[in-house]
Amino acid sequence: MPRFDVMLFGSACCDLVFSGLPGLPGMGEEAWATGLDLTAGGIVNAAVAMARLDLKVGLAAEAGTDEWSARVLEVLRTERVMLDHVRQYPHPYPQLTVVLNQPGDRTFISYADRRHAESFLGSLPRIAAEADASYFHVTALPEYAGVVAEARKRGKTVSLDAVWDEAWLKSAELRALIRQADIFMPNLKEAQTITGEEEPEAALSRLAEWTPTAVVKLGERGAIAAADGLTIRRSLAAAKPVDSTGAGDCFAAGFLYGRLAGQGLAECLDLGNRCGRRSVGRIGGYAGAPTLQQLLEERDRESRTHGA
């Protein structure tokens, strides 16, 4: 049996989250938030959300001795994410994102110490070769192309999640990376930018030409997916959002849990939607992520309600 159900590759950071902002202030102006939280973020959101579903989760990431790194490591240990491949340096190595939640959307301001980035990224293909995992969940960025190639060479299942970088999303290099993945899960804006298609179904159809399982996350409208010649749209009653940071990561956790459990595409979408819906009710990317018991109880409760 593999040591890890899922091995994740991405950037681990702290999130300083401001919520309840009326909007962004102009130059020289000030705006007051109604909520504030300090939590771990980046790839940590998906890692914790998967661990809460009783998956065995490994993570390849960097950390230092600074207070931001200490918070990230504390969260990972508390949530039972295995740290075999987390590289901790004997000095500060801060990685921080400020999240500004406004009505209808959010804005990010980020900083990352990069002095060891070249060495760390160069080690990732070796980690991918050595990691005993069923699935590899990878941030779809050029620095992780070697990880994807190594995983594919070893017959592993690879899922990709996108991040916002407009030039990269429009690049031929990203399309080549998507073609190496088994599952690709962008949100709607990312899918539109990648494909040049405005309609969700048209964007999904284009993505399905490149990867066996294409998923487009639609936020409060659920998600659509295409695989094996089928196209499925699934949605749930929307929750009132407090902080949508990490909702896509929590969706990915639910979707991959379903895949690992042998569920069909519709059930995987439902599980992803439930995880994403729960996540937006609390500040922080993983704070609202459900445990496996909570997820299955909610599923069964809704099934009984609809069946009545």
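Two strands count as paired here if DSSP finds at least two bridges between them, and strands (E, at least two residues) and helices (H or I, at least four) are DSSP runs numbered from the N terminus. With that settled, hello everyone, and let's look at the sheets.

Before that, a word on the source: this is a predicted model, where local features need pLDDT of at least 70, side-chain atom pairs count only at pLDDT 80 or more, and totals for chains, interfaces and linings use all residues. Residues are numbered from 1 along each chain as its sequence is written, and side-chain values use heavy atoms, with hydrogens and water left out.

Nine strands make an open sheet with mixed pairing, in the order β5-β4-β1-β8-β9-β10-β11-β12-β13. At its edges are β5 (82-88) and β13 (230-234), each pairing on one side only. Inside that order, β8 (residues 133-139) and β9 (residues 157-161) run parallel over five bridges, with Phe136 opposite Val158 in β9. Helix α4 (residues 145-153) packs on this sheet and touches β1 (4-9), β8 and β9 (contact means heavy atoms within 4.5 Å). The direction of α4 makes about 155° with that of β9 (angles run from 0 to 180 degrees between N-to-C directions, and axes are lines fitted to C-alpha atoms, for helices over the stretch in contact).

There is also an open sheet of four strands, β3-β2-β6-β7, again with mixed pairing. β3 (35-42) and β7 (105-112) each have a single partner strand, so one side of each has no neighbour in the sheet. The twist averages 20° from one strand to the next. β2 (residues 12-19) pairs with β3 in the antiparallel sense over eight bridges, and Ala12 sits opposite Gly42 in β3.

Last, the helices. α9 (residues 247-260) and α10 (residues 265-279) pack at an angle of about 145°, with axes 7 Å apart. Among the residues making the contact are Phe251 and Phe255 of α9, and Leu265 and Leu269 of α10. Thanks, all!
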